[in-house]
Amino acid sequence: MASQLSSHFFGDLLDSIIVDVASECHRIARLGLDRNLEDEEEELRLSAQARSHPSVASEVFECMNCGRSIVAGRFAPHLEKCMGKGRKARSKVTRSSTAAQNRYSRGSPVSTYSPYSNSTTSNRLSNGTSGVAGEEYLNGTFQEP
Amino acid sequence: MFGVRRMRPSVNRPPTPDVQENQEKEPTLQETINIKLIESGEKERLMELLRERLVECGWKDEMKAICRAFIKKKGRNNVTVDDLVHVITPKGRASVPDSIKAELLQRIRKFLVSAAL
């Protein structure tokens with residue numbers, strides 16, 4: 001009887017935390033705070049544009065900030081975003097949420113994984129490995145790229 | 001002639017609860033303990049402990065990754081909190097490390113013992 005009761009209350013706590021996590025992710029999504037998501041949406045739009053506007057400057061340059069190859073016609077917008085990542089000045093909201101996340105992740109002993117990495121692969125989302133003891137954990141150290 | 005049997009009612013309805021009965025109902029043991037948990041502040045402490053452990057072990061990051069994948073698929077303006085809750089609940093409940101679950105259960109049991117006195 002006691003163990004049934006304690007399991008019930010544990011489930012209660014867990015469910016509340018699950019709602020909190022869902023709520024937090026929902027907020028980040030709706031406020032557009034997930035830079036990775038934004039970048040991917042941008043890339044989608046870019047490829048659509050490139051197909052319909054072949055007249056845009058087609059020469060390719062190397063970005064002096066991140067080293068990526070950027071089409072001349074998209075150079076200015078790219079620099080806006082690329083250089084903006086060095087500063088946290090983008091929006092106050094971002095700062096408060098990631099600052100809180102930084103507090104949590106600092107003490108973590110597990111291998112690092114940065115969700116804001118500037119990798120050019122489109123698959124920046126982590127694979128959901130099981131969090132059971134013994135297996136590899138994902139650690140969200142929100143390093144500033 | 002066939003023996004007359006009591007006819008079954010054509011509508012199967014549970015008996016209407018007696019209104020008086022409801023008003024006199026005692027709070028369940030669960031409800032009583034829940035109130036004690038909250039009033040003593042222990043529920044809040046337990047929640048913070050569980051939250052901290054789940055962050056440390058990467059459980060939260062895993063849940064966030066699942067959310068992000070779902071959001072990317074559905075489009076960030078088409079997602080509700082409810083969607084996300086349903087998306088992460090099965091995996092969320094199943095992937096809590098045993099050690100963390102044990103730690104919390106032990107603390108809860110300790111509280112139950114002390115609350116019963």
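Figure 1. Arg53(B) is partly exposed, with 22% relative accessibility (partly exposed sits between buried, under 20% relative accessible area, and exposed, over 50%, using a 1.4 Å probe and protein chains only). Its partner here is Glu52(B), with the closest N and O atoms 4.0 Å apart. That makes a salt bridge, because the term covers a side-chain nitrogen of Lys or Arg within 4 Å of a carboxyl oxygen of Asp or Glu. Glu52(B) is partly exposed too, at 42% relative accessibility. Through shared partners, salt bridges tie Glu52(B), Arg53(B), Glu56(B) and Glu103(B) into one network. Across the whole structure and all chains, a search turns up 16 salt bridges.

A word on reading these views: this is a predicted model in which local features need pLDDT of at least 70 and side-chain atom pairs count only at pLDDT 80 or more, while totals for chains, interfaces and linings use all residues, and side-chain values use heavy atoms, with hydrogens and water left out. Residues are numbered from 1 along each chain as its sequence is written, and chains are lettered from A and ligands numbered from 1 in the order in which they are written.

**Figure 2. Chain A as a whole.** Chain A has 4 helices and 4 strands (DSSP runs numbered from the N terminus: H or I of at least four residues for helices, E of at least two for strands). Walk along the sequence and the pattern reads α-α-β-β-α-α-β-β. Of its 145 residues, 35% count as buried. Take the contacts between residues at least 6 apart in sequence, and 59% of them join residues at least 24 apart (contact means heavy atoms within 4.5 Å). The accessible surface of chain A is about 8,500 Å², with 54% of that on carbon and sulfur atoms (Shrake-Rupley method, 1.4 Å probe; for residues, only the protein chains shown count as cover).

**Figure 3. The largest nonpolar core, built from both chains.** This core has 37 residues, and Phe10(A), Leu14(A), Leu50(B), Leu54(B), Trp59(B), Leu84(B) and Leu104(B) have the most contacts inside it. Here, a nonpolar core is a set of buried Ala, Val, Leu, Ile, Met, Phe, Trp, Tyr and Cys residues joined through side-chain atoms within 4.5 Å. Helix H1 (2-30) of chain A gives two or more residues, as do helices H2 (29-40), H3 (42-56), H4 (59-74), H5 (81-94) and H6 (98-116) of chain B. The top contributor is H1(A), with 11 residues. Zoom in on Leu54(B): leaving out residues up to four places away in sequence, Leu54(B) touches Leu14(A), Ile17(A), Trp59(B), Lys60(B), Val96(B) and Ile100(B). Another core, of 5 residues, lies apart from the largest one and includes Cys63(A), Ile70(A), Leu79(A) and Cys82(A).

**Figure 4. Where chain A meets chain B.** The contact draws 51 residues from chain A and 48 from chain B. The size of an interface is often given as the accessible area lost when the parts come together. For this pair of chains, the buried area is about 4,400 Å², 69% of it on carbon and sulfur atoms (accessible area, 1.4 Å probe, that two parts lose on being put together, summed over both). Phe9(A), Phe10(A) and Leu13(A) supply 15% of what chain A buries against chain B, more than any other three residues. There are 6 salt bridges between the two chains. One joins Lys43(B) to Asp12(A), with the closest N and O atoms 3.2 Å apart. On the chain A side, H1(A) gives the most, with 25 residues.

**Figure 5. A salt bridge from Lys64(B) to Glu24(A).** These side chains meet at 3.2 Å, N to O. The pair crosses from helix H4 of chain B to helix H1 of chain A. Lys64(B) counts as buried at 5% relative accessibility, whereas Glu24(A) is partly exposed at 23%.

**Figure 6. Helix H2 of chain A, with Asp39(A), Glu42(A) and Arg45(A).** Glu42(A) and Arg45(A) form a salt bridge, with the closest N and O atoms 3.6 Å apart. They are separated by about one helical turn, because they sit 3 residues apart in H2 (residues 35-52). Glu42(A) is buried at 15% relative accessibility, while Arg45(A) is partly exposed at 46%. Asp39(A) also belongs to this helix, and at 12% relative accessibility it counts as buried. Asp39(A) and Lys81(A) are 42 residues apart in sequence, yet 9.0 Å apart in space, C-alpha to C-alpha.
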